[in-house]
Amino acid sequence: MIDLRLLRDNPDVVRASQTARGDDPALVDVALDADARRRSSLADFESLRAEQKALGKQVAKAQGEEKHQLLTRTKQLAEEVKSRQADAHAAEKELDELLYQIPNVVEGAPPGGEDDYVVLKTVGEPRDFESEGFEPRDHLALGEALGAIDTARGAKVSGARFYFLTGIGARLELALLNAAVDQAVAEGFTPMITPTLVKPDTMRGTGFLGKHAEEVYHLERDDMYLVGTSEVALAGYHADEILDLSDGPLRYAGWSACYRREAGAAGRDTRGIIRVHQFHKVEMFGYCRPEDAEAEHERYLAWEEAMLAKAGLPYRVIDTAAGDLGTSAARKFDCEAWLPTQQRYLELTSTSNCTTFQARRLNVRERTADGTTRTVATLNGTLATTRWIVAILENHQQADGSVRVPEGLRPYLGGLEVLEPVA
RNA sequence: GGAGACGUCGCAUAGUCAGGUCUAGUGCGCCACCCUGCUAAGGUGGUAACGGGGCAACCCGUUCGCGGGUUCAAAUCCCGCCGUCUCCGCCA
């Protein structure tokens with residue numbers, strides 16, 4: 001939720017943000033109007049309520065005829081209070097619904113849509129397979145030859161976009177995720193294994209039930225949601241709390257299964273495990289002071305790049321355009337690894353600065369030096385996911401169908417240097 | 001799944017049976033000041049969050065797990081839900 005005060009004091013900032021995202025700037029004025037109605041109906045209700053309470057005290061003391069007269073007045077008043085309260089309630093709800101439709105205010109992201117990202121840098125050289133003298137195989141062909149990935153049986157058991165990681169494939173994923181957790185712990189993150197089913201309030205608070213609600217699995221019978229990332233649980237972790245950030249930002253590394261319906265992706269990335277309904281992820285998530293959020297965001301990006309280095313992948317970093325930001329993000333950097341068989345970059349990490357947007361919805365505040373409270377900022381960023389296996393297999397493959405294990409992962413595979421095809 | 005107890009402004013508790021004097025008391029903790037040559041102890045005052053109004057001092061409202069209801073009036077009575085604990089049943 002955006003800051004109501006910002007909306008009132010600087011509506012132009014919010015209008016400009018809406019325009020940058022390709023959303024309707026008029027929503028700002030509709031919300032301002034609703035806010036004015038809310039405040040006036042609230043004032044009406046509150047003054048009547050104050051009168052009712054004052055009279056109520058007299059009723060308690062009065063006797064006989066005086067009490068009788070007071071009661072006839074207070075009974076009338078009660079009716080009116082009730083109706084004004086209902087008005088105030090309705091106005092509040094109306095404003096709330098409007099505010100929920102306004103995504104976070106963009107901060108520094110380039111204007112435009114999905115294709116208008118800005119490449120911040122490119123790291124590492126894509127291999128020249130032609131000069132090496134062989135045609136690279138895609139991750140599924142490699143994974144099947146290595147006995148690492150089984151999508152056929154995944155489909156048999158659970159349907160399209162499901163898979164089994166088998167043998168060395170399962171070990172490779174564990175190695176990757178363990179490397180991510182170890183790095184995070186070394187940097188001072190608290191490792192967390194999080195719930196993957198959450199209540200509606202938590203899912204709504206993190207901003208995933210807006211435009212992208214179609215992406216989320218919902219369990220009708222229990223009214224619970226399957227999370228698409230541990231960000232959801234970690235954002236909810238401190239909901240309704242007042243934090244002490246005097247020792248610096250809080251940093252958590254969440255390890256969880258992630259579930260996505262991929263409703264809007266029909267026909268895209270159908271081969272292999274690039275786009276699947278279930279995968280695992282180690283996610284950085286943190287709380288910090290609003291003025292520290294931008295610098296913290298840069299650190300998250302640096303930690304992602306450190307992981308990519310461990311995996312030995314060529315990649316680029318993009319600054320996502322305003323129109324392609326998630327509801328909660330004010331700015332987002334993605335790291336995309338080179339995918340040789342598709343001659344394109346594939347998103348492996350994404351780090352968002354959500355400023356105070358998520359925290360305001362989830363009511364996460366900090367105690368400031370002068371004793372007051374204020375809303376904190378939240379950030380998130382990917383450290384490793386199942387999808388990384390795609391890039392690792394393709395980029396480190398050799399002519400004989402074997403795959404070199406990147407050095408950063410070898411300690412997690414008992415020193416194994418090469419993955420060999422199984423017969 | 002069944003039965004019961006419980007949920008109060010950081011923590012611990014009083015208040016709920018008998019609705020109005022609860023503007024929610026007290027202890028601990030915390031903050032400021034005072035006193036004491038230091039320290040310990042002691043004294044005085046302050047100390048929940050959110051919203052609305054006001055330049056401000058301040059005033060008003062909401063919140064006693066959450067949501068409804070009864071009533072002129074709800075921490076207190078009624079209903080539903082959530083959570084914690086205890087016992088029973090069932091299952092891994």
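The model is predicted: local features need pLDDT of at least 70, side-chain atom pairs count only at pLDDT 80 or more, and totals for chains, interfaces and linings use all residues. Residues are numbered from 1 along each chain as its sequence is written, chains are lettered from A in the order in which they are written, and side-chain values use heavy atoms, without hydrogens or water.

**Around RNA strand B**

- Sugar or phosphate accounts for 73% of the RNA strand B atoms within 4 Å of the protein, and bases for the rest.
- These residues comprise 11 charged, 6 nonpolar and 4 polar (Ala, Val, Leu, Ile, Met, Phe, Trp, Tyr, Cys and Pro count as nonpolar, Asp, Glu, Lys and Arg as charged, the others, Gly among them, as polar).

- The T74 side chain has an N or O atom 3.5 Å from a sugar or linking oxygen of RNA strand B.

**The second largest pocket**

- Its lining has 14 residues, with Y163, F164, L165, Q278 and H280 nearest the centre; a pocket is an open set of points on a 1 Å grid over the protein atoms alone where a 1.4 Å probe fits, with protein on both sides within 12 Å along at least five of seven lines, and lining residues have an atom within 4 Å of a point.
- The lining residues divide into 9 nonpolar, 4 polar and 1 charged.

Technical notes
A residue is near a molecule or strand if one of its heavy atoms lies within 4 Å of it. A polar contact is a pair of N or O atoms within 3.5 Å; within protein, one must be able to donate a hydrogen and the other to accept it, and residues adjacent in sequence count only if both atoms are side-chain atoms.
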